[in-house]
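I opened my notebook to look up how two chains meet in one model. I wanted to write down each term with its cut-off as I went along.

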Amino acid sequence: MKILVAVKRVVDYNVKIRVKPDNTGVELANVKMSMNPFDEIAVEEAVRLKEKGAATEIVVVSIGPASAQETIRTALAMGADRGILVQTDAEVQPLAVAKTLKTLVEKEQPQLVILGKQAIDDDSNQTGQMLAALLGWAQGTFASKVEPAAGTVAVTREVDGGLETLSLKLPAIVTADLRLNEPRYASLPNIMKAKKKPIETIDPAALGADFTPRLKTLKVTEPPKRQGGVKVGSVQELVAKLRDEARVI
Amino acid sequence: MSILVIAEPSTGDVKKPTLTTLGAAAKIGGTADVLVLGQGVAAAADATAKVAGVGTVLVADAAEYAHALAENVAPLVAAAVKAGGYGHVLFAATTFGKNVAPRVAALLDVQPISEISAVVSADTFERPIYAGNAVATVQSADAVKVVTVRGTAFEAVAATGGSGSVTALAATGEAGLSSFVSAELTKSERPELTSARVIVSGGRGMQSGDNFHMLDTLADKLGAAVGASRAAVDAGFVPNDYQVGQTGKIVAPELYIAVGISGAIQHLAGMKDSKVIVAINKDEEAPIFQIADYGLVADLFKAVPELTEAVSK
Ligand SMILES: Cc1cc2nc3c(=O)[nH]c(=O)nc-3n(C[C@H](O)[C@H](O)[C@H](O)COP(=O)(O)OP(=O)(O)OC[C@H]3O[C@@H](n4cnc5c(N)ncnc54)[C@H](O)[C@@H]3O)c2cc1C
Ligand SMILES: Nc1ncnc2c1ncn2[C@@H]1O[C@H](COP(=O)(O)O)[C@@H](O)[C@H]1O
């Protein structure tokens, strides 16, 4: 089984986000960038499936700027076999990402595509579901367990009430939630080996991709700041404040 | 142009997320029809027709919708949107809505708008990005707006007072792509996290699942729901559906008590709109204190029993 994994380069989850003073976006200059944390989990799951003998090849795809090569390289160091970068400096929205991935899926013919459940920059949580719709495939979103069998894959999903397990016909789309696995750190030898693995760069025009935004960002602002309150000295004081000042108990 | 709200699956009452989504629909304006789907949903459809301000209730009652599988539900919604000429399709930003809305949008060739927190106009919305550290105002150029609605950002409409009509909708069939195997749902007598007036949440500082019983006792005294940080869920102290945060549940109760939680931005993303925040943490430098209205620097194993005792009086 061939697996395709989609990875996005995003602002590292530890970075303190600053809104630009002109309200056109957030500050991205000189900010640490990393692989989207959910995509690390997606890559890890693919690598584990290969280690278990359930997968034969792992292809990693990213749509983004030249620097997204680094993100692909990280995935290769974790154990993916080769990479594809659809290189663009344009803002790419989830529908356009899904359409681009669809053309690559048609070319590569994977049995399973694993994505992160959500990119932590736009917090959209859309791409996997849209790719599944465009391909007419089954989707297992917010996965905390993935077990392939003959012609199907069982996916346990994190839902509002607890957990739910579905059986999906292959080929299928899976989106990774936080508890699917704990991604490994690439070892130094594997980082060296990854340098020799191939990354193909594709011009979006060659795929007929149209990145014209459907959603226009009019402005980006800071959320209302919460004022820190007071420290209380004892449980008694806390209860008194909650009763008499805040009146919430 | 009218609005179609996709009801949160239910076989009985109208779910709170459906009522808050209707609250967002009211901000957009115009009438809102509601699509009720599932198997054996006649009672839910009747209850929905009584909700204030509801126009027509479209009912799709068929076996293929029993588990709200996205592969079966999305074609139904897309067909209903085309047939009804709706300009907006609204889902609650629950795991159901997040799973299905983008699939519907792709079928309609539309870029969806996730988790709106405000309606600026019929085509312009505010939505949090970067774990709520920024708010984007976005304008959609698509003919149909497919939107998910953040429950904490809108007022629920009244569950009664309406007199909508109920119309059956033709089922669109079994896609044959996926099937339901099993569910492991958390049973609790306490209020649901997303609608609770008070929430007591525990973090890694709780040290074990057994210690969470301490929070249960406090929660019962306060009529509260119990939540958790990701660290507490990952450690297996409590089930996944307790998680509050960027990737868990978004809550905004009147009172949120964070116990042994440090206050990582991903956690704050899920609770910083609570009216009153209390933090109990032994580390006075913990970031949670920067947003807490009342901070108590203390060992939780001493403070929580004391607090339980004090609120019982
Ligand atoms: C992509 C991504 C998404 C995430 N999504 C979420 C999310 O949705 N929700 C979420 O919560 N996290 C999320 N996280 C994780 C988040 O970054 C933090 O790791 C997590 O919130 C930490 O949980 P904690 O505060 O319980 O643990 P810690 O940070 O370890 O804090 C434990 C606290 O307990 C205190 N403590 C310990 N013992 C005691 C005691 N006896 N008495 C009093 N205080 C005590 C300590 O002082 C400390 O402040 C996400 C992370 C990533 C990368
Ligand atoms: N530009 C991109 N390149 C590759 N994969 C992407 C890109 N954008 C989104 N994805 C994938 O889609 C998932 C969900 O993203 P989103 O729908 O934007 O929240 C991510 O976790 C990635 O796996």
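I first looked up the salt bridges, meaning a side-chain nitrogen of Lys or Arg within 4 Å of a carboxyl oxygen of Asp or Glu, and I found five between chain B and chain A. For one of these I noted the partners: D234(B) forms a salt bridge with R179(A), and their closest N and O atoms are 2.8 Å apart.

I must keep in mind that this is a predicted model, in which local features need pLDDT of at least 70 and side-chain atom pairs count only at pLDDT 80 or more, while totals for chains, interfaces and linings use all residues. I also noted that residues are numbered from 1 along each chain as its sequence is written, that chains are lettered from A and ligands numbered from 1 in the order in which they are written, and that side-chain values use heavy atoms, with hydrogens and water left out.

Next I looked up how much of each chain takes part in the contact (heavy atoms within 4.5 Å), and I wrote down 82 residues from chain B and 75 residues from chain A. The area buried between the two chains, which is the accessible area (1.4 Å probe) lost on putting them together, summed over both, is about 6,700 Å², and carbon and sulfur atoms give 53% of it. On the side of chain B, Q111(B), Y130(B) and Y294(B) supply 12% of the area that this chain buries against chain A, more than any other three residues.

I then turned to the strands, which are DSSP runs of E with at least two residues, numbered from the N terminus, and which pair if DSSP finds at least two bridges between them. Ten strands form an open sheet with mixed pairing, in the order β11(A)-β5(A)-β4(A)-β1(A)-β6(A)-β10(A)-β7(A)-β8(A)-β9(A)-β11(B). β11 (199-202) of chain A and β11 of chain B stand at the edges, each with a single partner strand, so one side of each is left without a neighbour in the sheet.

Where do the chains join in this sheet? Strand β9 (residues 162-169) of chain A and β11(B) pair in the antiparallel sense over seven bridges, and S167(A) stands opposite S179(B) in β11(B).

Last, I looked up another pairing between the chains: strand β13 (residues 230-232) of chain A and strand β16 (residues 294-297) of chain B pair in the parallel sense over three bridges. There I noted that V232(A) stands opposite L296(B) in β16(B).

Key
Helix = DSSP H or I, 4+ residues; strand = E, 2+ residues; numbered from the N terminus.
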